[in-house]
Amino acid sequence: METLYVVCVGIMTFCGVFLCLRGRTFSVVVGLTMLSYAVNLFLFSSGRLNLNGAAILGMSDSYADPLPQALVLTAIVIGFAMIAFVVILSIRARADLGNDLVDGRDPPDTNKLIKPNRGKV
């Protein structure tokens, strides 16, 4: 079970980093979201996966650790605010620059293809 959990967190982290390194703002936003989810899963796993632990005192012999749950809840709220800010920032950059490239350069013009020289010197 833990191996599957680790593999899922690793794949989500890899996909998040890969998408953050892309050149368009939408893929960067999706990459940041995936990194946020991967961090949330990592924080949640720090409390150890306990299937029989109770969340309420007096209900069981073993109890779930509330600290990772509180950290994940806080990370979800902060992650939502961060993603909302990045989405608004990308919409504003698209409106100001006219494209959605991350580095701010003009996109390559596909209308100006290299045309062969037809007898002109």
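Visitor: How exposed is Phe18?
Guide: Phe18 is partly exposed, with a relative accessible area of 44%. Buried means under 20% relative accessible area, exposed over 50%, and partly exposed in between, for a 1.4 Å probe and protein chains only. This is a predicted model, in which local features need pLDDT of at least 70, side-chain atom pairs count only at pLDDT 80 or more, and totals for chains, interfaces and linings use all residues. Residues are numbered from 1 along each chain as its sequence is written, and side-chain values use heavy atoms, leaving out hydrogens and water.

Visitor: And which residue forms an aromatic pair with Phe18?
Guide: The count of aromatic pairs comes to 1. Phe14 and Phe18 form a stacked pair, 6.5 Å centre to centre with 20° between the planes. Rings of Phe, Tyr and Trp (its six-membered ring) pair if their centres lie within 6.5 Å; planes under 30 degrees apart count as stacked, over 60 as edge-to-face and the rest as tilted.

Visitor: Where do Phe14 and Phe18 lie?
Guide: Both lie in helix α1 (residues 2-20), 4 residues apart, about one turn of the helix. Phe14 is exposed, at 59% relative accessible area.

Visitor: Changing topic, how many helices and strands does the protein chain have?
Guide: The protein chain has 3 helices and 0 strands. These are DSSP runs, numbered from the N terminus: helices are H or I with at least four residues, strands E with at least two.

Visitor: What share of the residues is buried?
Guide: Of the 121 residues of the protein chain, 19% count as buried.
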